[in-house]
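Dear colleague,

Here is the structure for your files. My notes on it follow below.

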Amino acid sequence: MGRKNPASQKALNLLRNRLCNPNFIFKPLSDSPDSNYSKLKFLVSSSVTEACNNSILLLGPRGSGKIAVLELVLGDLLLEYPDTLSVIMLNGLLHSDDNCAIKEIARQLCMEHNLMFSKMASFDDNSQFMIAMLRECGLAHKTIIFVLKEFDLFAQGKQRLLYSLLDAMQSVTSQAVVIGVSCRLDADQLLEKRVRSRFSHRKLLFLPPCKEELQRLLEHILSLPMDSSLPRDYAVEFNGKIKNILADERFKEIINTYLNSDSTVNHLLRFLFQAVSYMDLESGFLSLENFKTALPNFQRQPKLESIKDCSILELYILVCMKRLEVKEQNSYNFNSVMKEYKSIHDSFKTSDYYARSVCLRAFEHLLQRELICFTDNRGYSHLVEFRPVKLLISYVELHHGLKSYRSCPAILLKLMER
Amino acid sequence: MPAIASHDSILAIKSEKSGEIARSNGDSTPQKRRLRSDAAAEQNKSPTSTPMKWTSPRRSLNSSPNTPINGIEKSSDEKLVTRKSPVKKRLFESYVEQMSAVKEALHVSTAPSTVVCREEEQKRVLEFCKKHLEQEKAGSLYVCGCPGTGKSLSMDKIKQHLLDWAKEEGFQVPDLLAINCTSLTNTSEIFSKIIFKIQGRKKINGSTSPLQHLQNLYSQKQQSSGSKMMLIVADELDYLITRDRAVLHDLFMLTTFSFSRFILIGIANAIDLADRFLPRLQSLNCKPLVVTFRAYSKDQIIRILQERLMALPYIVFQPQALELCARKVAAASGDMRKALSVCRSAIEVLDAELRESASKINSTSVEKGSFDQQAAPALEFFNSQANYIFGAIRLHIYLFLVRVDHMAVALSNTFKSPVVDTIQSLPQHQQIILCSAVKFFRRGKKDTTVGELNKSYMEICKTSLIPPVGILEFSSMCRVLNDQGLLKLGQSREDKLKRVTLKIDESDITFALQVWIKPSKFSAFMEFVSFGTVFNNFALKLEING
């Protein structure tokens with residue numbers, strides 16, 4: 001246990017905390033005036049100061065930080081204008097039914113303004129209440145911000161809630177902002193033409209970060225702060241090592257391979273968390289090896305891993321089944337597999353010929369590991385040997401698995417290639 | 001081009017307001033919130049109460065930025081030279097509040113005082129209502145048109161006119177009932193609302209439904225003669241359409257009873273609602289009068305925008321910019337709300353540009369150290385520009401005009417679909433999936449399973465020497481593309497058997513991936529999808545969509 005250990009544990013905790021805090025992550029991405037953060041903030045704050053109504057849609061793939069940026073903007077605005085904002089949050093998964101939604105709006109409005117909420121209120125009462133509250137807040141110069149998460153789910157059915165909200169914003173007496181958040185790019189095409197006409201067509205697109213932004217983000221996340229409780233020279237050395245890693249070509253290669261399938265910020269954070277958790281506590285520094293070990297955890301192929309654990313006999317059975325399928329025998333059972341197995345043994349004179357009962361055991365193992373399965377749903381009365389089966393693994397994967405098997409018999413590879 | 005008529009009165013109010021604000025703010029320049037009560041109080045003041053204290057240099061008599069402004073320049077020169085520093089401060093504040101004034105004038109919720117371009121339709125409806133009111137007969141009218149064509153706005157004006165006219169002519173002022181049919185939980189509730197309006201109580205005796213009650217009421221002669229006529233305006237009438245179309249029918253039938261006292265005006269979007277859903281009325285010879293509100297043409301849109309902007313004493317939009325906006329919106333839908341929204345976002349584009357250049361000037365001035373460090377950066381920008389004012393007011397005005405390029409940016413933000421941008425920013429493998437889908441579907445089939453798509457994907461990866469991902473990651477990427485609305489995944493118990501279709505156009509994908517330059521690894525699979533005429537097709541599509 002070296003002298004650096006408590007510091008390295010602290011550093012690890014600090015990094016892990018950062019990776020789980022969306023506020024910290026999205027701050028550097030929001031600094032430029034061109035970013036979505038500043039555009040959204042400008043829109044909402046100008047609606048508040050000029051007392052006019054607005055509506056906007058935030059679009060982008062899942063995990064690109066739409067809700068995080070929205071929370072940042074709302075947090076800042078609540079500090080700047082403490083008494084003049086109230087925020088109503090609705091979610092399309094919970095409140096897509098109009099009755100539920102209006103009830104939830106009424107409940108949240110009551111909570112904000114310390115009024116009594118009655119669960120017995122009808123749809124009419126609740127909607128009258130909402131309109132009255134909008135009018136009152138408009139007179140009192142308070143802005144109500146409606147946040148509709150999963151906006152595309154609100155656009156199912158008759159879209160009454162959307163119509164009444166957007167219609168209320170057309171009148172002079174109310175002061176509200178409607179912010180819709182959705183992962184569907186065509187969310188505004190889902191709206192009915194009346195609702196779409198009342199919606200102000202502003203869209204903010206959340207795209208994955210480009211290379212420079214990514215580099216800046218990584219440096220921002222992984223560098224230790226100078227003014228924390230960690231010893232200064234340790235922090236300096238740590239940051240120096242991080243800079244070296246980030247400039248390394250191999251690291252860039254790893255990150256690129258990882259982000260090739262999903263380039264959202266959330267996905268990257270998951271990878272960083274795993275890599276950071278592999279940090280060697282003895283030395284207290286991150287190294288390229290941590291990132292390299294973290295990568296395979298995210299590129300798992302479970303069926304290939306199952307093949308690695310199979311015995312040779314099980315591999316034989318799988319290859320036999322593949323040959324039967326290739327010969328266009330659409331339904332076959334254990335008996336046909338045994339026939340095929342025997343014919344292979346006869347033609348190639350292999351040494352691996354086992355008795356029927358042993359093969360049946362291997363067959364059942366394969367069933368349990370879900371590399372094969374039965375194709376009929378009933379038929380429990382029949383014996384295992386007579387029920388039709390099929391492969392659950394594709395030929396390509398099987399071939400791949402055989403090639404990477406530690407001591408695969410050459411005959412099997414030859415049979416696969418035929 | 002609008003002739004700015006006597007703007008003295010308006011200027012008086014403006015200078016007063018800005019004078020007040022300048023006095024109260026002193027050195028600080030925060031964004032002052034325009035309270036609605038301020039605006040209301042202002043309207044009540046008489047326009048000629050106070051003389052002009054300070055002339056705003058931001059004025060123009062002509063719309064073109066090139067013609068010299070003779071008379072004002074000389075007089076303002078003398079006035080402004082003597083008050084150099086207060087003018088600069090007030091310049092910034094007046095800019096901020098003028099921007100917000102323009103935005104408010106262009107907001108959808110600001111109802112204009114006169115409704116232009118709808119005089120013909122308003123006259124027809126008004127004539128109809130006046131005739132029926134005079135003769136104390138019941139009648140029905142159906143107003144139809146696309147969204148954003150001014151139907152509800154016109155109806156509000158007509159209601160007001162009708163009440164005023166009835167008072168003038170000495171007729172009994174009719175009752176007014178305005179219902180928006182989206183707020184009804186049950187379609188037959190509309191009858192109970194009508195009864196409530198007539199009788200003032202919701203509870204009706206016995207077992208008769210509201211509808212029957214109304215029918216009974218109007219099939220016999222009224223006991224109390226001279227009961228009032230009622231004007232019912234039903235907005236969004238198609239919410240009343242049920243499967244058996246009973247409610248809509250009964251509502252219009254109520255006007256056919258011999259002793260009925262309604263004038264019913266229905267508003268909806270469908271042009272043929274009356275023909276499709278009310279066939280029996282034709283046989284009774286009381287089909288409702290249909291007034292169609294056509295979509296706005298380019299000239300009408302320009303007129304309406306200018307009408308709104310005429311209330312302001314300065315020019316904000318270059319005329320070519322307004323024309324561009326009107327042309328695009330008229331070609332797309334003729335929806336006035338869209339035109340207003342585009343103009344507002346054009347102002348925001350201008351605002352962002354000015355702020356950006358102000359902060360740039362501030363950063364350069366900090367290096368030079370020649371400006372006062374305490375003032376706000378935007379104020380510095382205006383400071384530097386103030387030197388131009390006395391020399392050339394027209395240059396100053398030109399800087400604050402919304403030009404054609406601002407309008408073009410705003411139009412592209414509104415009309416452009418985010419699909420092409422999103423495809424270009426997708427990660428590599430997801431783009432390969434889209435390419436493999438395009439290639440697969442070109443053979444003729446329009447949908448396939450995830451398993452087949454995977455095979456196509458592996459082929460492309462093999463030929464372009466990119467290591468493919470496993471089936472698990474492949475199906476999760478398909479799910480991500482489904483969430484974004486680019487692919488459509490069906491339901492199935494097994495992952496591989498889910499059906500996949502493309503939801504976006506093939507040409508969008510080819511356009512997005514052609515234009516985008518990437519390292520040569522991809523040139524191999526680009527060969528699969530690129531063909532020459534696509535670019536023309538997409539450009540053509542842009543033209544058609546306006």
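In the predicted model, B:T449 has B:R499 of β8(B) as its bridge partner. Strands β6(B) and β8 (residues 499–502) of chain B pair in the antiparallel sense over 2 bridges; pairing requires at least two DSSP bridges between two strands. Strands (E, at least two residues) and helices (H or I, at least four) are DSSP runs, numbered from the N terminus. The open antiparallel sheet in chain B has 3 strands in the order β6-β8-β7. Because β6 (448–449) and β7 (487–489) of chain B each have a single partner strand, they stand at the edges, and one side of each lacks a neighbour in the sheet.

In chain A, strand β2 (residues 85–91) has 5 of its 7 residues buried, so the rest of the structure largely encloses it. Buried is under 20% relative accessible area, exposed over 50%, and partly exposed in between (1.4 Å probe, protein chains only). β2(A) runs parallel to strand β3 (residues 143–149) of chain A, joined by 7 bridges; A:M89 is partnered there with A:V147 of β3(A).

B:E168 lies in helix α6 of chain B and counts as exposed, at 65% relative accessibility.

Residues are numbered from 1 along each chain as its sequence is written, with chains lettered from A and ligands numbered from 1 in the order in which they are written. Local features need pLDDT of at least 70 and side-chain atom pairs 80 or more, while totals for chains, interfaces and linings use all residues; side-chain values use heavy atoms, without hydrogens and water.

Regards
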